[in-house]
Amino acid sequence: FLGILPFYFLFFLLLWQVVASGYAVMSLKSAANDGASVYALTENASEAENAVMQSIGSSSLLTGTSVSVSPQGNGTFTFTVSAQHPLVFVPAEWKRQTAVSLNSKASGKVFSP
């Protein structure tokens, strides 16, 4: 039992990291969709960025979030959200160097009444 115990700990640490990474990816996709929805209604990039920040909240799983909007013509646009996902079980002083870059895109069309 004592010989297998470290492998169980390693397995559960890896499982926790996979769950945290999945949650970070889903949160980023949701934030991109929220931002694209706000941009489609208001055509205001700063309001869309505020919607993204509210959607992500104060999560420690996503840091350094940036937003960009690329108009494609004919009222269509591509909304991109980028963030860093630090590894969960890395010491605080190494989190910045070991963070993984995540990007999420959403496309849409500006709503015009």
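This is a predicted model: local features need pLDDT of at least 70, side-chain atom pairs count only at pLDDT 80 or more; totals for chains, interfaces and linings use all residues.
**Notebook: around Phe77**

I started with the contacts of phenylalanine 77: setting aside neighbours within four places in sequence, it touches Ala36, Tyr39, Ala40, Val69, Ser70, Pro71, Gln72, Ala106, Ser107, Gly108, Lys109 and Val110.

Next I checked where phenylalanine 77 sits, and found it in strand β2, residues 76-85. Buried or exposed? I looked up phenylalanine 77 and got a relative accessible area of 2%. That is under the 20% cut-off, so phenylalanine 77 goes down as buried.

Alanine 40 was my next stop, and I found it in helix α1, residues 5-42. Its relative accessibility is 14%, so I count alanine 40 as buried. Beyond four places in sequence, I have alanine 40 in contact with Phe77, Lys109, Val110 and Phe111. I also looked at alanine 40 against threonine 80: they are 40 residues apart in sequence, and C-alpha to C-alpha I get 13 Å.

On to the strands. I see β1 (residues 63-73) pairing with β2 in the antiparallel sense, over eight bridges. In that pairing I noted serine 66 opposite serine 82 of β2.

I moved to serine 104, which is in strand β3, residues 100-109. Serine 104 comes out at 5% relative accessibility, so it is buried. Leaving out residues up to four places away, I list Leu28, Lys29, Ala32, Phe79, Thr80 and Val81 as touching serine 104.

Last, the rings. How many aromatic pairs does the structure hold? I count two. For phenylalanine 11 and phenylalanine 12, I have ring centres 5.3 Å apart and planes at 70 degrees, so I call the pair edge-to-face. Phenylalanine 11 is partly exposed at 48% relative accessibility, and phenylalanine 12 is partly exposed at 49%.

The other pair brought me back to phenylalanine 77: its ring and that of tyrosine 39 have centres 4.8 Å apart and planes at 70 degrees, so I log this as edge-to-face. Tyrosine 39 is in helix α1 and phenylalanine 77 in strand β2, so I note that the pair ties together parts 38 residues apart in sequence. I have both tyrosine 39 and phenylalanine 77 down as buried.

How values were computed
Residues are numbered from 1 along each chain as its sequence is written. Side-chain values use heavy atoms; hydrogens and water are left out. Helices (H or I, at least four residues) and strands (E, at least two) are DSSP runs, numbered from the N terminus. Buried means under 20% relative accessible area, exposed over 50%, partly exposed in between (1.4 Å probe, protein chains only). Contact means heavy atoms within 4.5 Å. Two strands pair if DSSP finds at least two bridges between them. Rings of Phe, Tyr and Trp (its six-membered ring) pair if their centres lie within 6.5 Å; planes under 30 degrees apart count as stacked, over 60 as edge-to-face and the rest as tilted.
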